[in-house]
Amino acid sequence: MPRFSVIVPAYKVQAYLHECLESVLSQSYPDLELIAVDDCSPDACGAIIDEFAARDQRVRAVHLAENQGLGPARNAGVAEATGDYLIFLDSDDTLTPDSLHAIADRLKETGEPDVLVYDYARTFWTGETIRNQVAALLTEEGPAPFRLADRPGLLRLLMVAWNKAYRREFVEAEGFTFPPGYYEDTPWTYPVLMAAESIATLDRVCVHYRQRRRGAILGTVSPRHFDIFEQYDRVFAYVDQNPELARWRPVLFRRMVDHLVVVFARRDRLPRRSRAAFLRKARTHYRRYRSPGATVPPRSRAHHTLIRLGLHRTYRALQLAFALARRTAKVGGRLLKGLRSAALRLHYRIQRSLPLRADRAVFAAHGVRGRQGCGPGALEQAFRTHAPHIRTAWVAETEQHPSDAPDPSGTRRLRPGTAAYWTALARSKYLVHNAGFDRRLVKRAGQVFVQTRQGTPLKHMGLDLRERPAATAEGDVDEFLDNVDKWDYVLSANRHSTLTWERVHPGSYKTLEYGSPRNDVFQQATSADVARIREQLGIPEDAVVILYAPTHRDYRRTQRTTLDLPRVLRRLGPGYVVLARAHPRHGGPLVDVPLPGRLIDVTDHPGVESLCLASDALVTDYSSLMFDYANLDRPIVIHSDDAEAYEAARGTYFDLRSFPPGAVARSEDELIDIFATGHWRGSRSHQLRSAFRERFCPHDDGRAAERVVRHVVLGESDLPPVTPLDKRHPVPSAPLGGRS
């Protein structure tokens, strides 16, 4: 008898069925049977199911003689099921990797409950993935298992069958079946949750819920959306048959009204001429099932009034009025925006005619989540230390600082696009950036633009991207070269960077091969700083901390990591902690569900330098962070499972696997083995890192920013000499103690 019976009904989903079935069969938890039900689909679904059944004995094909709909097709699957637990999966959705393993662990942990509720994420046809917005309801804190009365908030979740695992004996004993028609999940899910003697939750995304551009059943205009009334009749009939459930009538009533409003308001569901009839029927159901004590939240009162009175014409009139108001506001907004833009252009032109302020400097950084980060942040601190007569300002978005007031350090804070911002760009003598300011910037005679760049280049940059159509170039070539022509100085950490920048960013600037200012902190920080950062991140005292920081993939539409971080941690044991940091262009965290104290998402942490200091080792792929991290002389492990694809799409300046900064893993299992065996910090890894540091870290002795300021601002030629590599003492990681 298998642990899970995964039931997948299929009808007109031939384009998605392969991915769905593969997501089940490729699970790391193999104790399952996959019951695929061909609901007499007119396309290739039946043949696809038979192909899977022929190649994997865990697949059982069920072919229905005529199309019956999603509910009866699921019933046909349940009739064939022999597993301990039933799991329903729609045929255009997928299970996430290792989800069955996580479900099995949680079922065992919570004593085999009747129902386990887990989470999902919507995956849009554009490639975007968004987790369920009320995921907090699935917290695993508190007693488990429990009954619905202990956690009634679960009824706010999407009432579908496919975000739960059901104990088969419980389903059979209660006689639960799916009805025919649309919204078949409604009279299944509510009774199941109300009847369950034991419920548990799993705070993990186990299903990717596909949002199709066209073709989804509930997104199709049809009179069958009237089925929703019969489905709620079934729900209330179940409550009437079980008087002990009467307490749930007010909640069910509110949920019904909300559901009816959604169906009525969506333009892609009801035929236009049936909308008045739908509202009349909704009014009947409102009066039929309204329960004493059914309080209506203030935000829902308008909806309840709409349904209670059946105000179709009033609703339509209000809808048109709101649409007209929005359109008017949009036109007015455009006009105001245009006037503001014109005023700012005039303001900037006037400011450019005024004298430069030799004691002013403006700093900004691209791809930095916090204020004063990367190379510009390190230079800003050096300006205040070595050229205190220069007044500094930092440009960042509103969420990074709330106002234009000075901070305690004396640095003024500027918001892009404001009058103060354009004034600073027009009149400050020094401009410092790691990419480029607004393209409308007019560099004046006497202004000095210092370009810090964003680390040592491994992947192709600048003009080299012209031959890489799969890569994301730095915009139009002419516009890019116009930006280069504004640069006076480009900072370089090593000879490799110098030669690369001067070729791919051709211009009349001067290269300052003084080291990378953003790496100064690695020589200046203390062990107390390391301990403080680890404590702030909530890292256990004796943990081995791995910073995982992959780069962006130009050739991928989505940026999900190929590493299963929870699995890696399970294999390595409790002594390890992973700090997971997504690339700034990733658009979200690397992990769906952080594990407190073990898997910590640090994507929004303001400074990657602090994360480097807190860690014992870096795991990355092709990120330039490896060149910076090498200055700490701590282990680096390269996880390179797509080197050929990355090279073809983006291109690299040297073969990283031939000249790595440490051990190289070509798969997840190899990565686990490197840490489990201690190879990550072995003698061979140390030799590779030493050679890497010698080539790429010759000037990073902690005084790079000072050299830049002394040369560019103070005009000095006698600069601090570079400390040799063997004389440097970067701050060590936290003492290993009893760590493995």
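Guide: Welcome! A residue counts as exposed here when its relative accessible area is over 50%. Please keep in mind that this is a predicted model.

Visitor: Is aspartate 478 buried or exposed?

Guide: Let's start with where aspartate 478 sits: in helix H14, which spans residues 477-484. Its relative accessibility is 55%, and the cut-off to pass is over 50%. Aspartate 478 therefore counts as exposed.

Visitor: What accessible area do Leu335, Leu336 and Leu339 have together?

Guide: These three leucines make up a nonpolar patch on the surface. Their accessible area together is about 340 Å².

Visitor: Which strands stand at the edges of the open sheet of six strands?

Guide: The sheet has parallel pairing, and its order is S19-S18-S17-S20-S21-S22. An edge strand has a single partner strand, so one side of it is left without a neighbour in the sheet. That describes S19 (599-601) and S22 (664-665).

Visitor: And which residue in S22 is the bridge partner of histidine 639?

Guide: Strand S21, residues 636-639, runs parallel to S22, and two bridges join them. For histidine 639, the bridge partner in S22 is alanine 665.

How values were computed
Residues numbered from 1 in each chain as written. Predicted model: local features only at pLDDT ≥ 70, side-chain atom pairs only at ≥ 80, totals over all residues. Heavy atoms only, no water. Helix = DSSP H or I, 4+ residues; strand = E, 2+ residues; numbered from the N terminus. Buried < 20%, exposed > 50% of the residue type's maximum accessible area, 1.4 Å probe, protein only. Pairing = 2+ DSSP bridges. Patch = residues over 30% accessible without salt bridge, like charges linked within 9 Å, V, L, I, M, F, W, Y side chains within 5 Å. Areas by Shrake-Rupley, 256 points an atom, 1.4 Å probe, with all protein chains shown as cover. Salt bridge = Lys/Arg side-chain N within 4 Å of Asp/Glu carboxyl O.
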